[in-house]
Protein chains: 2
Amino acid sequence: MAAKDPLIIRDRDEMRKWSRSMRAQGSSIGLVPTMGYLHEGHLSLIKEAQKHADLIVVSIYVNPGQFSPNEDLSTYPSNFEGDIEKLRSVHGGVDVVFNPFNLYDYGVYEGGETMKKGEEEKGEKVISCVESSKFGHETWIRVENLEKGLCGKSRPIFFRGVATVVVKLFNIVEPDVAVFGKKDYQQWRIIRRMVLCWISKEIESSYCNQVRDLDFGIKIIGSELVREHDGLAMSSRNVHLSPQEREKALSISRSLYEAKKAAENGERDCTKLRNYVAQTIQKAGGKVDYDEIVDQESLESVEVIQSPVVFCIAALFGNVRLIDNMEINV
Amino acid sequence: MAAKDPLIIRDRDEMRKWSRSMRAQGSSIGLVPTMGYLHEGHLSLIKEAQKHADLIVVSIYVNPGQFSPNEDLSTYPSNFEGDIEKLRSVHGGVDVVFNPFNLYDYGVYEGGETMKKGEEEKGEKVISCVESSKFGHETWIRVENLEKGLCGKSRPIFFRGVATVVVKLFNIVEPDVAVFGKKDYQQWRIIRRMVLCWISKEIESSYCNQVRDLDFGIKIIGSELVREHDGLAMSSRNVHLSPQEREKALSISRSLYEAKKAAENGERDCTKLRNYVAQTIQKAGGKVDYDEIVDQESLESVEVIQSPVVFCIAALFGNVRLIDNMEINV
């Protein structure tokens, strides 16, 4: 089959117009939101989307709303030409790449800056690169409980930014289906929560389209984490690891596997499991940001495993922050 | 012309299905969100919507998300049959009344209650009737600056609740146009901000469809405040006023008119104008919650009138909280 060139759209109105005209012709649309620098993990999301929709839109946008000014927005890796090349190679192809220049730059809000000078100086308010750039944006989506733990502790504006840009993308692309990777476990739970309801364990596997916090008419699909051959969770940030750091970083996935095996063999004490993983990563030279075992739905900490949990890790090797997770269904 | 019976829809999925099938047939849809107990003010919103859309949906839903537990959710007036009767009388008619039973009741979130017990007891977190009812909802829209002043001061969860239910209604009804009354001035600015951009004064009168905080593909229209013959701003809450209170409450609109006239005749000092209005209302027996003169866009307080402002008032007569406002374009 010949490679398919995706249509590249940079303008929001043009994007929405395309979606509406396709839907009017009876096609369903699947959205795969990405920040670019695509790898096999992203391509697996696209393959998942193809199962559920006739046409595929991949968005490529590094979202300033989820980075704080001291984070790595400016060095986040990108390679647009390489991304397009990869998308051309996907079996079945991708129909549109939505690649907006800036989703927040609609003029500075002259009437009142987002922050009073005093607040900024005293550091009273945590802000993202959107506010620090003085873009005139002030509407944010908060998923008040789920946003707090795990990555939310060290990155307090992260999920506010993620949820908000996802709502923007939903409103621009107007998809029928959107696919998110479970690599970013907390993100996927937050998006699902925003769109789909909390559902009881019994109907976990079915989609719950009747109820959801914001009532979007969109089906949210979670796609499994994809690993390199040696077990490292795929991430655009892996490119920043030196060969030595990369080797050491394998301690994350390896210790997670061991913990999962131990749990399956009867170890239910989360403190023991967490200590084992943290110590293994530290011995390898990593700095653990968090290692937590949490309920798969509520993301609340668990002390004794009695129901499905997920073991979530964030750790730094060198300057590279890596996240990984493993579901444990005992 | 014969009166038209609107179709009454209570189910979200049925509502969305209706909208999508109408849109597929080429019709545009106008939404007028209300909390029921309709009066001439609401009917004027419907007439405005008819100018912009082929089909009209009026939602009737008293939103628990914008009431705090100590406010008047339980006594908010309602008269569904009377509302339908009024809607039948509207020239051109209304196509659908969307009247959901509860937009938040999708089961209690077992994993973690919305609030920790300690927080509730200490009163650390201000909550709405949604949280106090333990509905499993936790996603909220915050328009961070505009939600703070005016009514936001005494009702800190109010605009969070309004913005969130409006997003829910937008996602359920999927309208092309939505009409909001400028009676609720801060609300209309917040919704417009969420959907439409802040725009410079020069293009104030034109719709700015290219840019907006959440990128909804919906046109937001503001409809002018409607008054009773004697000048009282129309409100569903007026029914709670005794005849004596009602007479006294006229001090609000009358003093606002006087202030507007004074400004047009050259008085630019906001302190003087505000004192005049506050004293007039107090003399009539009202309790002023706030009287502020603010920029029409940013809603920030103004000391000297130099550009278009709006004079906003909230005052209690008896137990009835009334709001009113007047734009001053000098």
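How many salt bridges does a search of the whole structure find over all chains? The count is 56. The model is predicted.

**Salt bridge between chains**
- A:Arg193 pairs with B:Glu138, and their closest N and O atoms lie 3.6 Å apart.
- This pair crosses between chains. A:Arg193 sits in helix H8 of chain A, residues 185–195. B:Glu138 sits in the chain B loop between helix H5 (129–132) and strand E5 (139–143).
- Both A:Arg193 and B:Glu138 are buried.

**Salt bridges within chain A**
- A:Asp289 and A:Arg321 meet through their side chains in a salt bridge, at 2.9 Å from N to O.
- A:Asp289 belongs to strand E8 (residues 287–295) and A:Arg321 to strand E10 (residues 320–328), so the pair ties together parts that are 32 residues apart in sequence.
- A:Asp289 counts as partly exposed because its relative accessibility is 30%.
- A network of salt bridges links A:Asp13, A:Arg16, A:Arg20 and A:Glu174.

**Salt bridge within chain B**
- B:Asp213 forms a salt bridge with B:Arg193, with 3.5 Å between the closest N and O atoms.
- The two residues are 20 residues apart and link distant parts of the chain. B:Arg193 is in helix H8 of chain B, while B:Asp213 is in the loop between helix H8 (185–195) and E7.
- B:Asp213 has 0% relative accessibility, so it counts as buried.
- B:Arg193 is at 5%, so it counts as buried.

**Nonpolar core**
- The largest nonpolar core has 102 residues. A:Phe170, B:Phe170 and B:Met194 touch the most other members.
- Beyond its neighbours up to four places away in sequence, B:Met194 touches residues of chain B including B:Ile141, B:Val143, B:Ala163, B:Val166, B:Val167 and B:Leu214.
- B:Met194 also touches A:Thr139 of chain A.

**B:Ser236**
- B:Ser236 lies in a chain B loop, between strand E7 (219–223) and helix H9 (243–264).
- Its relative accessibility is 6%, so B:Ser236 counts as buried.
- B:Ser236 and B:Gly36 are 200 residues apart along the chain, yet 8.0 Å separates their C-alpha atoms.
- Leaving out residues up to four places away in sequence, B:Ser236 touches B:Gly36, B:Tyr37, B:His39, B:His42, B:Tyr76 and B:Pro77.
- With B:Tyr37, the side chain of B:Ser236 reaches the backbone oxygen at 3.1 Å.

Conventions: Residues numbered from 1 in each chain as written. Chains lettered and ligands numbered in written order. Predicted model: local features only at pLDDT ≥ 70, side-chain atom pairs only at ≥ 80, totals over all residues. Heavy atoms only, no water. Helix = DSSP H or I, 4+ residues; strand = E, 2+ residues; numbered from the N terminus. Buried < 20%, exposed > 50% of the residue type's maximum accessible area, 1.4 Å probe, protein only. Contact = heavy atoms within 4.5 Å. Polar contact = N/O pair within 3.5 Å; in protein donor to acceptor, adjacent residues only side chain to side chain. Core = buried A, V, L, I, M, F, W, Y, C linked by side-chain atoms within 4.5 Å. Salt bridge = Lys/Arg side-chain N within 4 Å of Asp/Glu carboxyl O.
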